[in-house]
Structures are given as structure tokens and as C-alpha cells.
Amino acid sequence: FLFGDAITAAAEGNPDTSFAIVDSVVEAPNVASLVFAEEQGSFLVGAAAALKSQTGTVGFIGGVENDLIQKFEAGFAAGALAVNPDIEVLVNYITQPPDFGGFNDPARAKEIAAAQYEAGADVIYSAAGGSGLGAFEAAAEAGEPGEVWAIGVDSDQYNLVAPELQPYIL
């Protein structure tokens with residue numbers, strides 16, 4: 001989605017070439033806008049988090065507080081609340097637009113996750129791109145496997161992290 005302006009310009013300058021953009025909409029006849037129902041997948045993540053939580057508190061870390069990531073947050077919270085109407089959902093964002101560095105700041109995500117674990121969360125979902133690694137690291141420092149969990153975004157994170165972090169991934 002960060003390439004919206006560039007794709008728009010490229011599509012205008014190259015009308016015989018087909019383009020695609022993910023997580024954004026570009027209104028041009030030669031651009032395929034690939035958008036998803038992020039809130040639906042995140043609803044299932046929230047439900048899983050609430051089912052696994054022993055403390056009744058779960059956390060959400062968003063990379064950047066924009067419309068796209070707010071949909072992840074809304075789905076996660078709705079799923080958690082559907083399972084446990086009394087659950088507490090802690091929410092933090094790493095950066096605000098126009099600063100998109102929140103998608104690649106695992107150190108800051110680790111700080112936020114550590115604070116959420118300290119506040120009672122035992123399952124944290126990070127919709128924060130590469131920053132999510134910090135949440136996995138914080139989980140490993142916060143407790144034993146099976147006591148605290150972290151959930152990544154967009155793909156199965158299990159094989160993307162060091163073996164010592166794998167037991168913390170839900």
C-alpha cells in the first residue's frame with residue numbers, strides 16, 4: 001500500500017502494462033487492487049487469543065495507526081469479545097502516519113509487548129510487519145511456553161523465527 005502514488009504514476013505512464021497493488025485501491029483500468037477482509041481473519045485471531053488466554057487480558061500491537069491496521073485491530077477485538085465479553089484488550093500502535101517505520105521496528109514492538117505482558121496480557125497479536133519479531137522476543141522473556149503467547153500477521157510465523165521463539169507462537 002505504500003506504493004500507491006508510484007503505481008498510479010506508473011499506470012498512467014504505461015497504459016499497456018498491467019500492475020497490481022496489495023492492501024490499497026488505485027482507480028486505473030490497468031491496476032488490479034488486491035484488498036482483503038483483514039478484519040475477518042483478525043476476528044479468528046481474536047477468538048483464538050481469547051480461548052487461549054488464562055488471564056482474561058490480551059494485547060494488540062499495530063505497526064502504524066492507519067485505516068488498514070485499525071481494521072486488524074477491530075477484527076481482533078471483536079473476535080476476543082465474541083468468545084469472552086469480559087476480556088480486556090490492550091491496544092498500542094508503534095507509530096502514527098506519515099511515519100511508517102512502525103512496520104520495521106522490532107525493538108519498539110518488544111517494549112510495547114513487554115509492557116502489555118506486565119499489564120496482564122498473556123496473548124499478544126502484532127499486526128506490525130517486521131516489528132512482530134519484537135513481540136515474540138518479549139514473550140520469551142515474559143514467561144514460559146504455554147503461559148504467554150504471541151501471534152504474528154499475514155503468514156505462519158513459526159518457521160520465520162529462531163527455534164527458541166517457536167514455542168511462544170500461537
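Strands here are DSSP runs of E with at least two residues, numbered from the N terminus. The model shown in every view is predicted.

**View 1. Val 25 sits in the loop between two strands, β1 and β2.** The strand β1 covers 19–22, and β2 covers 31–34. Leaving aside residues up to four places away in sequence, Val 25 touches Ser 33 and Val 35. Ile 7 lies 18 residues from Val 25 along the chain. The C-alpha atoms of Ile 7 and Val 25 are separated by 10 Å.

**View 2. Helices α4 and α5 cross at roughly 40 degrees.** Helix α4 spans residues 106–118, and helix α5 spans residues 132–142. Their axes come within 7 Å. The crossing is right-handed.

**View 3. Residues of α4 meet residues of α5.** On the α4 side, the contact is made by Pro 106, Ala 109, Lys 110, Ala 113, Ala 114 and Tyr 117. On the α5 side, the partners are Leu 133, Gly 134, Ala 135, Glu 137, Ala 138, Ala 139, Glu 141 and Ala 142. By class, the contact of α4 with α5 has ten nonpolar residues, one polar and three charged.

**View 4. The largest pocket holds about 300 Å³ of space.** It is lined by 14 residues. Closest to the centre of the largest pocket are Phe 1, Asp 23, Leu 68, Phe 72 and Asp 154. Helix α3 (residues 67–83) gives the largest share of this lining, with three residues. The lining of the largest pocket divides into ten nonpolar residues, one polar and three charged.

**View 5. The second largest pocket holds about 190 Å³ of space.** Its lining is made of 15 residues. Nearest the centre of the second largest pocket lie Val 45, Tyr 125, Gly 152, Val 153 and Asp 154. The largest share of the lining, four residues, belongs to helix α2 (residues 38–52). Seven lining residues of the second largest pocket are nonpolar, five are polar and three are charged.

**View 6. Asp 154 lines the largest pocket and also the second largest pocket.** In the largest pocket, Asp 154 is among the residues closest to the centre, including Phe 1 and Asp 23. In the second largest pocket, Asp 154 is among those nearest the centre, including Gly 152 and Val 153.

Key. Residues numbered from 1 in each chain as written. Predicted model: local features only at pLDDT ≥ 70, side-chain atom pairs only at ≥ 80, totals over all residues. Heavy atoms only, no water. Axes fitted to C-alpha atoms, helices over the stretch in contact; angles between N-to-C directions. Left-handed = near helix turned anticlockwise from the far one by under 90°. Contact = heavy atoms within 4.5 Å. Nonpolar A, V, L, I, M, F, W, Y, C, P; charged D, E, K, R; others polar. 1 Å grid on protein atoms, 1.4 Å probe; cavity = no way out; pocket = protein on both sides within 12 Å on 5 of 7 lines; lining within 4 Å. Points joined across faces, edges and corners; volume = space filled by probe spheres on them.
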